[in-house]
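Here is a walk through one protein model. Keep the sequence and the structure side by side while reading.

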Amino acid sequence: MGMNGYYSSGEFAKMAGITKKTIRYYDEHNILKPSYVTSKGARYYTDKDFARLQQILLFKYLGFSLDDIKEMTINNSDHMLLHDSLILQKKLVEDRIEQLELVKNAINDMSSIVESGKAIDWSRMLNLIHLTDMEKSMKNQYRNASNISARINLHSKYSSNKTGWFPWIFEHCGIKSGMHVLELGCGDASLWTINMDKLPDDITITLSDISEGMLRDVKRSACGSDPRFSFCVKDCHNICEKEDSYDIVIANHVLFYCRDISTACKEIARVLKPGGRLICSTYGSRHMFEIGSLVSGFDSRIALAADNLFNKFGKENGADILAAYYKRIKWIQYEDSLIVTEPEALISYILSCHGNQNRYIIDRHKEFKSYVKKKTAGGFYITKDSGVFIAEI
């Protein structure tokens with residue numbers, strides 16, 4: 001018997017142009033579960049399920065494995081997260097188009113060489129092969145961009161400090177006309193897109209990231225068409241610029257990811273002008289600790305991070321680390337907290353972490369969502385313990 005707003009598995013498969021066997025497979029492997037199951041086992045799907053199926057089929061077309069797809073679509077349950085996911089999918093398609101265009105051009109070049117009877121440049125052939133390896137980096141880019149989106153979404157929606165992190169950081173950068181600025185690990189360039197109207201006209205800003213995929217995304221943002229911005233892949237340990245190149249270097253939640261923080265600090269100091277400043281943000285030991293307690297209550301095996309980043313470079317030890325290369329080091333606390341009242345953004349944040357959580361949550365997603373929903377029913381309080389060090393040369 002049909003139900004208003006619901007589709008049987010046969011109707012659902014026909015709408016999507018796939019077989020019922022495929023729908024059953026997605027159900028059995030927890031990739032796409034039906035919204036309603038009758039007491040007799042009949043499965044029914046909704047328009048929201050169809051949107052999820054659209055994601056799955058697109059990712060499958062783009063060459064992602066079902067394990068990849070399972071992780072990337074599980075957390076897109078509310079309207080805003082679905083919107084963000086669609087934007088990311090669009091970027092992924094644009095990356096694939098660029099990749100295929102590069103491959104096509106390389107093939108045309110090689111064909112012309114063969115037709116002319118000239119000697120084949122085998123190194124260029126090897127570059128062609130390397131172009132086809134971009135898929136792995138594209139997958140990583142999707143995950144990185146998706147993770148950043150999940151974190152920004154949680155903080156922007158539930159923070160008690162209405163100034164916002166990126167406007168607050170910008171205020172403490174002290175950017176003025178004529179300055180040369182470098183941001184290391186620019187991510188999605190939110191620091192600049194949010195504060196674009198505050199930038200002087202005669203400033204030069206180099207946005208860098210270790211991820212080429214991230215920089216491709218940034219070039220498609222408002223920064224990409226702004227002549228004040230340039231873009232470069234950079235590693236904090238080897239910035240590849242002349243000494244005294246920049247008035248300000250910004251490292252927003254970056255230094256604790258460096259394999260050798262002392263080398264990175266020394267390299268940043270090298271490229272700063274005399275009197276130049278490093279603006280580097282980090283966390284304190286109590287930052288977001290309630291989330292760790294939350295997931296441990298669901299499954300004690302879950303660890304949201306392999307190590308505590310604040311132990312590498314944090315509020316408590318950052319000044320001592322910087323003191324070897326900088327003077328007049330100042331810590332400024334960002335006064336804030338979160339009160340989360342809805343489960344979706346919190347779940348997305350948890351799934352975006354760098355720990356082992358997906359191993360224990362993905363297959364129990366409905367159970368985990370129910371657990372988080374109960375915890376957030378009266379408002380879930382989360383401590384924020386973060387800020388910036390301002391260090392001068």
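At what angle do helix α15 and helix α17 pack, and how far apart are their axes? The model is predicted, so local features need pLDDT of at least 70, side-chain atom pairs count only at pLDDT 80 or more, and totals for chains, interfaces and linings use all residues. Residues are numbered from 1 along each chain as its sequence is written, and side-chain values use heavy atoms, with hydrogens and water left out.

Now the answer. Helix α15 (residues 343-352) and helix α17 (residues 365-376) pack at about 125°, and their axes are 9 Å apart. Axes here are lines fitted to C-alpha atoms, for helices over the stretch in contact, and angles run from 0 to 180 degrees between N-to-C directions. Helices (H or I, at least four residues) and strands (E, at least two) are DSSP runs, numbered from the N terminus. The angle makes α15 oblique to α17. Angles under 35 degrees count as roughly parallel, over 145 as roughly antiparallel, 65 to 115 as roughly perpendicular and the rest as oblique. From α15, the contact draws on P343, E344, L346, I347 and I350; from α17, it draws on H365, F368, K369, V372, K373 and T376. Contact means heavy atoms within 4.5 Å. These residues divide into 6 nonpolar, 2 polar and 3 charged. Ala, Val, Leu, Ile, Met, Phe, Trp, Tyr, Cys and Pro count as nonpolar, Asp, Glu, Lys and Arg as charged, and the others, Gly among them, as polar.

Helix α17 also meets helix α12 (residues 289-298). Their axes come within 11 Å and cross at roughly 130°. The pair α12 and α17 is therefore oblique. On the α12 side are L294, V295, G297 and F298; on the α17 side are E367, F368, Y371, V372 and K375. This contact holds 6 nonpolar, 1 polar and 2 charged residues.

Step back to the whole chain. It has 17 helices and 12 strands. Of its 393 residues, 48% are buried. Buried means under 20% relative accessible area, exposed over 50%, partly exposed in between (1.4 Å probe, protein chains only). Among contacts between residues at least 6 apart in sequence, 78% join residues at least 24 apart.

L278 lies in strand β8 (residues 272-283). L278 counts as buried because its relative accessibility is 0%. Beyond four places in sequence, its contacts are V249, A251, I268, L272, L322, Y326, F389, I390 and A391. The C-alpha atoms of L278 and V388 are separated by 9.7 Å, though the two are 110 residues apart along the chain. N195 sits in the loop between α9 (190-193) and β5 (204-209). N195 is also buried, at 0% relative accessibility.

Last, the cysteines. A disulfide is a pair of cysteine sulfur atoms within 2.5 Å. The count is 0 disulfides. C236 is in none; the nearest cysteine sulfur, that of C258, is 4.1 Å away. C236 is buried, at 9% relative accessible area. C240 counts as exposed, at 57% relative accessibility.
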